[in-house]
Each structure stands twice: as C-alpha cells, then as structure tokens.
Amino acid sequence: MADELTPETPEEEQPQKAHKQRKNGLYPGVSDELAESMRTGWADTELHGLEPIAQAAHTAARRAALSARFPGERLVIPAGRLKTRSNDTEYPFRASTEYAYLTGDQTENGVLVLEPTVDGHTATVYLLPRSDRENGEFWLSGQGELWVGRRHSLAEAEQLLGIPAKDVRKLAEELSEATGPVRNVRGHDSVIEAALTDKVTKELDEELRVYLSEARAVKDEFEIGELQKAVDSTVRGFEDVVKVLDKAEATSERYIEGTFFLRARVEGNDVGYGSICAAGAHACTLHWVRNDGAVRSGDLLLLDAGVETHSLYTADVTRTLPINGTYTDIQRKIYDAVYESQEAGIAAVKPGAKFRDFHDASQHVLAEKLVEWGLLEGPVERVLELGLQRRWTLHGTGHMLGMDVHDCAAARTEAYVDGTLEPGMCLTVEPGLYFQADDLTVPEEYRGIGVRIEDDILVTEDGNRNLSAGLPRTSGDVEAWMARLKG
C-alpha cells in the first residue's frame, strides 16, 4: 500500500492550504513547482445526462411518508463516517440503513436533511464534493480522489438521487445555528450529533429511529426484487461451497468462508453478515464466525450465509450438509425432525397470521420429537409452557429480513413480534436442534450434532413464497443435489 503523502487529517476537516505529512513519509514536503504542476493539466470529467438510480422513485415515496409522519420538524439522517480498523486503515464503509433506505446513496459523511415547510418538507442530501485540485486536496488528502477514487460531483449526485445536493462540510455549523424542533438518527455521525446536542432529545430521536425501522417491514416491488437477487446469488454461493468441500477438508472452514465470499463480492456488494461455516461440533455454536476449525468427512457442515446486493439487501439462508455427501442414521434423524419443524413453520406464514405463529408451530414439532426420543418428559404442552425444549432449540424461529439481516430491529414489540403478518413482509424461518458436545443429558451419539435449516419467506396475498426454494431441503434431496454438484 502506497504511503508517501497520505495525511492523517480527515479531508473535510483540513485547512485550505496545508496538508499534514505522514510522520515517516519519505518526502519532506511539496515544492511550489510540484504543487503548481498538480493543479493543472487535468481533463474535465464531469458526467452529464445521468439516469436516476433504480430505486429513486421508491426513495422519494419513503421520504414523503416520513415527512407526513413528522410535520414541522427538521429531520436529520446521517450515513455515518469511516471507522478506523488500525492506525491509518479503515474498515470498508457501509452506509447506515436509514440513510440508504431514504436516499439510495451509500457514500461516507452523507447526511439527509428534511427541512420543514408550510406543506411538508424540502429534502437535501449533504455530500462531500469532488476533491479540490486547486489546494492539492485531491492528491494530498488521505481521502482524496487520487488515493481512494473519484466520487460524484454534487450535480451528478442530484441527477442520480433525484435530491438537491449541497456541500456537507458546512452542515455541522448550519445545524448548530438551527432553531425549531429537530430529530436525528443517532449512532452514526458524532460530528452531527455534537452540532445538535442542545437541540434534540433521546426520546424524540428514538421515535424517529423506531418509525424508520417499522417503515421497512413491508417491502415494495424494488425491495422484493433485490431480496430475490440476493437469494439467487446465495444459492450459487452454496453450490460453489459444495463443489470444493474436498479442498476445505484439506485446509479448514476458512476455505468455505472464502469460497462463499468470492461469490458475494463478484455478484453483490459483500456478505450481509459474517458467514457461519461451522463444521462438526462448531454447528452447536449459534454464531460461529471464527471459521478456523477442521472439516472432516462424516461430520456435518452448518453453512449460514447470505449475499448482500449492491443496494444493500441481504439474503440469510442456512443448510446443514453432510460433508461426505451422505447423512448417518442419527444425523438424518435429527435433520428430518428439523425439516418437519420448518415445514410446520413455513405453513403458518400467511397474511393475517400472528408473527409468533410460525415460531409456535415449529417449536411444537421440535418439542414433540424431544419427548418422543425420551429426552424430555411430556406432555408436550407442559414442555412448551416451561420452555424445556429451549435447552436444545436455543433461539427464536425467525426474524424480519431486508437491508439488515435482522431487519426492523428497533420496531415496537407490538408492531413486530406481537404484530400481524402482511403481504410484502419478508422473514426467515429457521428452526434448529443443537446437542452440545459436552451435554451429558443426551445419548452420546447425539453429542456434537447441530442442525439448522433456514429459508427466506415472502408473505404474499394468498400465503407465502419461499425465495430460497432453489436450494433443496429434504435430506434425500440434499444428498442427491450434492452428488450432482460433485459430479
């Protein structure tokens, strides 16, 4: 990584002339002659006649709904800032979900501001403009375009997003002088929060965050298309993994993680969350993302992974696969029980049903199996009342899905888990059974086996649609599918 001139000061906070040098950079400074050379001789690269992004009409409708919900109030929704990974390197930037949902933009430091008017709001997106070539910013700043790439001009951004755009570097000062009621989505931009510190309250800001979380519950046509796109790429990623299981056996779970990540980066923006590539007893650790364990023939692989699209919608799919292509008798017994549980859960997903219904249906099946196998004393109703099955089922049976893998997380309980399903909602159905390797309450043959099956289910007008139906689910179909892929 080149390091000669990169300064340590963020671009938007730098003075107009001096740029701080790296402490141990090889060049002591910039001569007047070099500075003059770098100012001139550059072609005009401004883009004209740009078409709006695909979701522009949808983001406009979302902003209109937001405006109607909070009349007469200034609303501030930041994208967030780069976060340091170590020293002078940053994590890849991911815009806040609220900002991306309302604008379609994904650039760091962006801020959407809705200014109240007599009949609604005027929306403005505040962005970093093109790097300044006159003062050397574009080549001397660590976030200058010569170092990190060209960004859109404000005029280009207006064409793409369908929102007036202004320079964000003056926004904090403007907000600090603002009057009237203000709400801000917290937790993304400390500079904006500092400017608003005496103008906002935690309670009012939380109402804004809750509203934006609940607004995402019912997906529009664009969002459903993006979720299907994410799932389709994820299906191909699972196929990629099956084809290289022999290489994973020769290395580790990391080979599986890297294989799926390649598909996510080629066809999407990234993975939507840390991939769980859990072989053997690691499958009993619900969020096993270390992915540094051995992959052994005869064990199961629990693969929980999802591709995130370029517009930031993610899939979330799990399959539990026999590494050698064939389930043992006990593995099949546990897998088939989880499959039966998932079937009951998916059948309960329909408009008008309670959100909890699919969870209750799935848990009932698993409780029945645990009683049948002699691991719990019945009746089943007693087991469920006391939650005894949770020793081995552990987690809830699903969650909302969208721009966040656990979407709508800030929604009110009465609107989410105590709410009612509507067409356009998308959720996961993912029951599991997990028998820890050190669990002495179960027969030895159960220990170290973890099984989860997860699909992404869209609520439709007349029931539901399994977006991830491209992946087999029954134990027999999984074995046949793996055999075909391995040739």
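Colleague: What distance separates the centres of domain 1 and domain 2?

Modeller: This is a predicted model. The protein chain is divided into domain 1, residues 51–216, and domain 2, residues 221–486. The contact between these domains takes 15 residues from domain 1 and 16 residues from domain 2. Taken over C-alpha atoms, the separation of their centres is 35 Å.

Colleague: Which strands are the edge strands of the open sheet of five strands?

Modeller: The order of this open sheet is β6-β5-β4-β1-β7, and its pairing is mixed. From one strand to the next, the twist averages 25 degrees. An edge strand pairs on one side only, and this holds for β6 (165–167) and β7 (182–184).

Colleague: Which residue of β5 is the bridge partner of proline 116?

Modeller: Strand β4 covers residues 111–117 and strand β5 residues 120–127. The two run antiparallel and are joined by seven bridges. In β5, the partner of proline 116 is histidine 121.

Colleague: Across which strands does helix α9 lie?

Modeller: Helix α9 is formed by residues 202–215. Relative to β7, α9 runs at about 55 degrees. The strands it lies across are β1 and β7.

Colleague: Where is asparagine 109, which has a positive phi?

Modeller: Asparagine 109 is not a glycine, although its phi is positive, at about 75 degrees. Its place is in the loop between α3 (97–103) and β4.

Colleague: How do the residues of the contact of α10 with α12 divide into nonpolar, polar and charged?

Modeller: Helix α10 (residues 221–243) and helix α12 (residues 253–267) pack at about 145 degrees, with axes 9 Å apart, and the crossing is right-handed. From α10, Ser233, Thr234, Arg236, Gly237, Phe238, Asp240 and Val241 meet Ile256, Thr259, Phe260, Arg263 and Glu267 of α12. The residues of this contact divide into four nonpolar, four polar and four charged.

Colleague: Are helices α13 and α14 roughly parallel or antiparallel to each other?

Modeller: The axes of α13 (residues 329–347) and α14 (residues 357–372) come within 7 Å and cross at roughly 150 degrees. Angles over 145 degrees count as roughly antiparallel. The two helices, α13 and α14, are therefore roughly antiparallel.

Colleague: How many nonpolar residues take part in the contact of α13 with α14?

Modeller: The crossing of α13 and α14 is right-handed. On the α13 side, the contact is made by Ala337, Val338, Glu340, Ser341, Gln342, Ala344 and Gly345, and on the α14 side by Phe358, Ala361, Ser362, Val365, Leu366 and Lys369. Of these residues, four are polar and two charged, while the nonpolar ones number seven.

Colleague: Which residues of α17 meet those of α13?

Modeller: Helix α17 comprises residues 475–485, and its axis lies 10 Å from that of α13, at an angle of about 115 degrees. The contact residues divide into two nonpolar, two polar and three charged. From α13, Arg332, Tyr335 and Asp336 take part, and they meet Ser475, Gly476, Val478 and Glu479 of α17.

Colleague: Why is one side of β13 and of β17 left without a neighbour in the sheet?

Modeller: The open sheet of three strands has the order β13-β16-β17, with antiparallel pairing. β13 (426–429) and β17 (463–466) stand at the edges, so each of them has a single partner strand.

Colleague: Which residue of β16 stands opposite threonine 428?

Modeller: β13 and strand β16 (residues 455–460) run antiparallel and are joined by four bridges. Helix α13 lies across β13, β16 and β17, running at about 155 degrees to β13. In β16, the residue opposite threonine 428 is aspartate 456.

Colleague: Which two residues does a cis peptide bond join?

Modeller: The proline of this pair is found in the loop between α14 and α15 (380–386). Omega of the bond is about 5 degrees. The residues joined are glycine 378 and proline 379.

Notes: Residues numbered from 1 in each chain as written. Predicted model: local features only at pLDDT ≥ 70, side-chain atom pairs only at ≥ 80, totals over all residues. Heavy atoms only, no water. Pairing = 2+ DSSP bridges. Axes fitted to C-alpha atoms, helices over the stretch in contact; angles between N-to-C directions. Contact = heavy atoms within 4.5 Å. Parallel < 35°, antiparallel > 145°, perpendicular 65-115°, else oblique. Left-handed = near helix turned anticlockwise from the far one by under 90°. Nonpolar A, V, L, I, M, F, W, Y, C, P; charged D, E, K, R; others polar. Domains from an automatic or database assignment.
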